[in-house]
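Good morning, and thank you for coming. Please look at the chain on the screen while I describe how its parts are arranged.

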Amino acid sequence: MTHTEVKQHPSLYLEVCCQNEKPRLPLHTSIALFLLSYCDCKSFRVFLVFTNPATSQSLKSQIPESLDVSDIQLKDLPHLVRGCRLPAVLDETGMLCRAGLAVVLRHIINKTLEADPSRNDVLALLGFKKTCLKACAEVSKWTRLCEIGIPSAVEEHLKNSANQYQQQLPLSILTLERRLAEPVKVHNDDKIRRQKLQEQRRNEKKSSPAGQGNPDSESEPGQSAQVSEGLELRTALAKLSVDSVPTSTTRENSEIRKVKTTDLPPLEHVFAEGLYFTLTDVVLLPCIYQYLCSLQAHAAKALHQLPHLLRWYSRVQEVPGVLKAAEACGMSLSVPQVPTSSLQVSSAEDEPTSLLEEEEGQEMTTEPPFVGGPRPTMTKLKENGIEAVFTPHPCPDWTLPWDSLPGAINPTEGKMSNIRAVRKRQQLNNLVATVTELARPGYTVVDFCSGTGHVGIVLAHTLPDCQVILIENKEESLVRAQSRSAELGLKNIGFIQANLDYFTGPFHIGVALHACGVATDMVMEHCIQAGAAFVISPCCYGFIQNAIKFTFPKSKRFQETLAYKEHMILCRFADQTAVQLPPERRLIGKQCMGLVDLDRSWAAETHGYSVQVMTMEPESCSPKNNMLVGRPVQKNGLGVDASQLEAPVHN
C-alpha cells in the first residue's frame with residue numbers, strides 16, 4: 001500500500017496482550033474486530049499493537065480476512081495515540097484521535113454509514129435517538145457496566161479460571177442477568193404491548209376448547225408466553241429490515257384499544273437494551289462468549305443462575321449477520337446445553353446485590369433532603385475556623401489583543417450573542433493569563449472538556465512553542481474545534497475525543513473552563529497524577545455527588561466538620577449566583593462556591609500542591625467566576641522542578 005493510499009483511511013489501533021508468553025487479543029480488541037466484521041467495514045487500516053517482538057501470525061484465526069491489518073510496536077505509535085488507552089482511531093490528518101471502546105465503536109458505525117447509507121441494520125445499532133453507549137461511563141451506570149464492568153470482570157475471570165475452582169459468578173454478570181429479567185420500556189411500547197395482549201387473547205381462544213378437561217391444560221400459559229415472545233422477537237428483527245420476518249400490521253380490535261395502559265402485559269427483554277439489537281449487544285457478545293467457553297465442566301453449576309442471559313445469547317445468534325461475523329473472528333457460537341430443570345431464577349434473598357442496585361441503593365437510602373438554607377452549615381464551618389478565602393487576582397486587567405487576533409479565535413465565531421461573546425472573552429483572558437504565566441517552551445498543555453475549543457485554540461495561538469491538546473467526549477464539538485484550528489493553520493495542536501480516563505499521556509498544565517460537577521474533580525485528579533499544574537473554572541456545583549472515584553467532602557478538615565448531606569447543601573446553594581437573583585442571595589451563593597472549592601484545594605494540598613482560589617475579573621464575566629490555580633511544590637512526575645512554574649513568561 002502506498003503512502004497516498006494510507007492517507008485515505010483513518011488508522012485503528014488495537015491492543016494485543018501477552019498471556020503465558022503468547023500473544024492474545026484482549027476483549028476490547030475482539031469486540032472491535034467483531035463489529036468491523038458485522039458491519040463489513042473497510043474504512044480503516046487496522047494496526048495490532050504489540051509490546052514485544054511477537055507478530056499476529058498466531059492470531060490469524062481471530063482476525064477477519066477482509067481487513068487490512070498490520071503489526072506495530074507500542075514504541076512506534078503516533079504521539080497522540082501513545083497518550084491514550086486503546087482502542088484508538090487516528091484520523092487522516094494525524095491530529096484527531098478517538099479513544100476508548102464506546103467512542104471507537106460508535107465511530108466505526110458512523111464510518112460504515114458514510115460508506116453505505118443504506119445499511120439500516122448498522123444504523124439501528126445506535127439505538128433510539130442514536131444514543132446507545134453515548135453517555136460517558138462516569139455519568140451512566142449502564143454504560144459503565146457494559147463498556148468497562150463486564151469486559152473487565154470477564155478478563156479477570158479468564159486470568160483466574162484456569163487455576164482455581166469455579167467461584168461465584170462475577171457481580172457484573174449477575175447485574176446483567178437481573179437487567180435482562182426486568183420489563184422493557186421502549187419508545188411507543190404501548191402499541192406493541194396492545195399487539196401482545198391481542199395475540200395472547202387470540203391464542204387463549206384457540207387453545208381453550210382443546211384445553212377443557214385436558215389434564216395437560218396447565219401447559220397452555222407457557223404456550224401463550226411463547227406466542228407473545230414471538231411477537232417481541234418479530235418486532236425486534238423487523239427493526240433490522242429482515243424481509244423474512246415481516247412486521248405485524250394487524251390493528252387491535254376495539255376491546256383491546258379500551259384496555260388501560262397499566263393493565264397491558266409487560267414486554268420482555270429480547271436484547272440487552274430492550275427489544276432491539278444494538279451496539280450494547282455487540283459489546284457483550286464476545287464477552288459472554290469468552291465467559292461461557294471458560295466455564296467448561298462447571299457450566300451447569302454456574303449457568304442455572306443465568307436463564308435470561310442464556311436466552312439473550314441464543315437470540316443474538318438469530319440476528320442476520322451475527323454468526324457470519326463471529327465465525328470470521330474465530331468465535332464458534334453455540335448455546336450451552338444445560339438441563340431445563342436447572343434453569344431457574346434464584347430467589348431475591350439468595351442473590352447478591354447487583355452493581356446497578358448497589359449504586360442506586362446508595363442514593364435511595366441516603367437521609368431525607370436537608371430542609372432549610374445554607375446558613376446553619378456555613379455557621380458550623382465558621383465555628384470550626386473554616387471560611388471561604390479568595391486570593392487576590394494577580395493580573396486583573398490583563399487582556400488578549402482581541403482586535404488584532406484572527407477571526408477564528410474570537411468566541412463570536414461560535415455564533416453566540418454579542419453579550420455572551422464579551423463575557424467569554426473575559427473568561428478566556430483570565431485562564432490564558434494564568435496558563436501563560438505557568439507555561440515554558442516545550443510544555444504540553446491539555447484543555448480538558450474543551451468543547452469547540454475556545455480555550456485550547458487561543459492557547460495554541462498564544463503559545464506557539466507549546467503543544468496543546470484538546471480533550472472532549474462530544475464528537476460534534478471536537479470536529480468543530482478541529483475545523484477552526486485548520487482555518488488558523490495551527491500546527492501545535494491535537495484533538496482527542498475520549499472520556500478523561502482514556503487519556504494517559506504526560507503533560508505539564510491542565511486547564512478547564514466551566515468543568516461541570518465532578519468533572520472539575522476528575523480534571524484535578526488527572527493533573528495531580530501527572531504532577532501537572534492546573535487552572536480550572538468549576539461549574540454546576542449542584543451536580544456534585546459521590547462518584548466512583550470521589551466522596552464528598554474531600555478534605556480531612558471538611559470531613560471532620562460536615563456530613564455528606566451538609567456538603568451537598570453547600571453545593572446546591574453554590575449554584576444560586578445568577579444575575580437575576582437578589583444581591584444577598586448571590587453573595588451567599590458565592591460564599592458556598594468558595595467553601596466547596598476550599599475543600600477541593602485542601603484535598604489537593606495533601607498531594608503536594610499549592611492551590612489558590614480566586615475570582616475571575618471582572619466578576620460579571622460569569623455567575624460561576626471561581627478559578628482554582630494549583631501548582632505542584634515538589635518535583636512532578638515529568639521530572640520538572642514544579643517550583644519553577646511560579647516565574648511568569650509574559651510582560
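A word on the source first. This is a predicted model, in which local features need pLDDT of at least 70, side-chain atom pairs count only at pLDDT 80 or more, and totals for chains, interfaces and linings use all residues. Residues are numbered from 1 along each chain as its sequence is written, and side-chain values use heavy atoms, with hydrogens and water left out.

The chain contains 23 helices and 14 strands; helices (H or I, at least four residues) and strands (E, at least two) are DSSP runs, numbered from the N terminus. Of its 651 residues, 53% are buried, where buried means under 20% relative accessible area, exposed over 50%, and partly exposed in between, with a 1.4 Å probe and protein chains only. Among contacts (heavy atoms within 4.5 Å) with a separation of 6 or more, 74% join residues 24 or more positions apart.

Twelve strands form an open sheet with mixed pairing, in the order 5-4-1-6-7-10-9-8-11-12-14-13; two strands pair if DSSP finds at least two bridges between them. Strand 5 (69–73) and strand 13 (609–615) each have a single partner strand, so one side of each has no neighbour in the sheet. On average, neighbouring strands are turned by 20 degrees against each other, direction ignored. Axes here are lines fitted to C-alpha atoms, for helices over the stretch in contact, and angles run from 0 to 180 degrees between N-to-C directions.

Within this sheet, strand 7 (residues 96–99) pairs with strand 10 in the parallel sense over three bridges. L96 has F495 of strand 10 as its bridge partner. Helix 19 packs on the sheet, where it touches strand 7, strand 9 and strand 10, and its direction makes about 170 degrees with that of strand 10. Helix 4 (residues 101–115) lies across strands 1, 6, 7 and 10, at about 115 degrees to strand 7.

Which residues of helix 18 are buried? They are H454, V455, G456, I457, V458, L459 and A460, that is, seven of the nine residues in this helix (454–462). Their cover includes helix 17, helix 19 and strands 8, 9, 10 and 11.

Next comes a pair of helices. Helix 6 (residues 141–160) and helix 11 pack at an angle of about 20 degrees, with axes 10 Å apart. They are therefore roughly parallel, a term for angles under 35 degrees, whereas over 145 is roughly antiparallel, 65 to 115 roughly perpendicular and the rest oblique.

Is T280 buried or exposed? T280, in helix 11 (residues 279–295), is buried, with a relative accessible area of 0%. Leaving aside neighbours within four places in sequence, its contacts are C132, L133, W142, C146, A272 and E273.

Finally, P553 is in the loop between strand 12 (533–539) and helix 21 (556–561). P553 also counts as buried, at 5% relative accessibility. Beyond its neighbours within four places in sequence, P553 contacts residues including F558, L562, H567 and D599. The C-alpha atoms of P553 and K565, 12 residues apart along the chain, are separated by 9.6 Å.
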